[in-house]
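Subject: Structure for your review

Dear colleague,

Please find the structure below, with the sequence alongside. My notes on what was found in it follow directly after.

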Amino acid sequence: MGRKRVTSGMRPTGGMHLGNLLGALENWVRLQDDYDCFFFIVDWHALTTPGGGTAVGYENVGDLRNRVREIAVDWIAAGLDPGKCSIFIQSHVPEVAELHLLFSMITPLGWLERNPAYRDMVQSYRIESPSYGLLGYPTLQAADILAYKGDYVPVGKDQEAHVNMTRDLGQRFNSLYGKKVFPITETLLTPVPRVPGLDGVDRKMSKSSGNYIAVSDSSEETVAKIRSMYTDPVKIRKDDPGHPDGCVVFAFHNIYNKPEASIVRGECENGGRGCVACKAQLAAAMNGALMPIREKRRELEGNPAVIGEILSAGALKAEKIAAETLREVRDAMNLPRRGDF
Ligand code: TRP
Ligand code: SF4
């Protein structure tokens, strides 16, 4: 009792890359000590878009289970501890679907049509005929958060509009039915390093751009990807002076080799360091940092029953809370109780 609740979810687009690890997971791992945390893999949200190619969606569900499993393995390997937080699959808590239905009655269409993420998704995935479910994406996200009465939602800037809509919907519910069922949900914006893609410091690491290093990549794959990283194009020979600020390798030295980053900068700028050696040094630091996660991953992959148990236990804990919330919601809306009359 008394601890504030944190809720967050991730779409099962496949295993995590360094952007997800540094931008979300490491933060979640810290939060689990101070808050009552609910972390879920949003398999229903994966069905809001058609998918195709390697992307899972309602027209392409073949890989959905595998993608969910990969994320679960990554989360636990990266340090989410089922003894401290609830880790589960969205669709294992059917109360969330019921809450989504009830919220859909009180969500003004205008809120959904104005949602910038909706427009972005329709454009970037070139969706010709967006579905009812896609338009309702934020309502489902609100149900994810409010089924557990989430106080805080640790997400990036791109998700802020969804969290604001969640808060507005919760407050709309409270005022319509005159009961304080839902808290005032807030985004928990935490400083996280900017994680560029392999192809340029101004590009974001993302699954869809293919410019990522996956947590599940081997050390050899990591070395090869670092070799392919975009560096300073005017630094051709080893002793040419370079410009670290435009170089992806340097951006990662700043994350994985922080104590030596200023030395790297100095040597790059004065022509005292070649890119080949610079990349090899980064690869060693990055592989060293990722080694424990990768080992834990391998261990879990060899023992999938453990993952199943963790996700079931997480769903059980989550469903207890959600069931309690739904009782309050049904009562507030004056829906008849089973067995009454
Ligand atoms: N929309 C989020 C994303 O794309 C994923 C998500 C679904 C989520 N439900 C959530 C995030 C609830 C936080 C809380 O990243
Ligand atoms: Fe980038 Fe390192 Fe080459 Fe400088 S020496 S341009 S920091 S890879």
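Two strands are said to pair if DSSP finds at least two bridges between them. Helices (H or I, at least four residues) and strands (E, at least two) are DSSP runs, numbered from the N terminus. In this predicted model, local features need pLDDT of at least 70 and side-chain atom pairs count only at pLDDT 80 or more, while totals for chains, interfaces and linings use all residues. Residues are numbered from 1 along each chain as its sequence is written, chains are lettered from A and ligands numbered from 1 in the order in which they are written, and side-chain values use heavy atoms, with hydrogens and water left out.

Strand β6 (residues 196–197) pairs with strand β7 (residues 200–204) in the antiparallel sense, over two bridges. The two strands, β6 and β7, form a hairpin with two residues between them. G197 has G200, in β7, as its bridge partner.

Turning to ligand 1, there are 13 residues around it (each with a heavy atom within 4 Å). Those that come nearest are G9, Y137, Q141, D144 and Q159. Polar contacts are pairs of N or O atoms within 3.5 Å; within protein, one must be able to donate a hydrogen and the other to accept it, and residues adjacent in sequence count only if both atoms are side-chain atoms. A polar side-chain atom of Y137 is 2.7 Å from a nitrogen atom of ligand 1, and a polar side-chain atom of D144 also lies 2.7 Å from a nitrogen atom of this ligand. For Q159, a side-chain N or O atom is 3.0 Å from a nitrogen atom of ligand 1. Taken alone, ligand 1 exposes 360 Å², of which the protein buries 89% (Shrake-Rupley method, 1.4 Å probe).

β1 (5–10) and α8 (137–146) each give at least two residues to the shell around ligand 1, and α8 has the largest share, four residues.

Ligand 2 is surrounded by T231, D232, K235, C247, V249, F250, C268, R273, C275 and C278. The elements that supply two or more residues to this shell are α11 (248–256) and α13 (275–301). By class, the shell around ligand 2 has six nonpolar residues (Ala, Val, Leu, Ile, Met, Phe, Trp, Tyr, Cys and Pro count as such), three charged (Asp, Glu, Lys and Arg) and one polar (the others, Gly among them).

Yours sincerely
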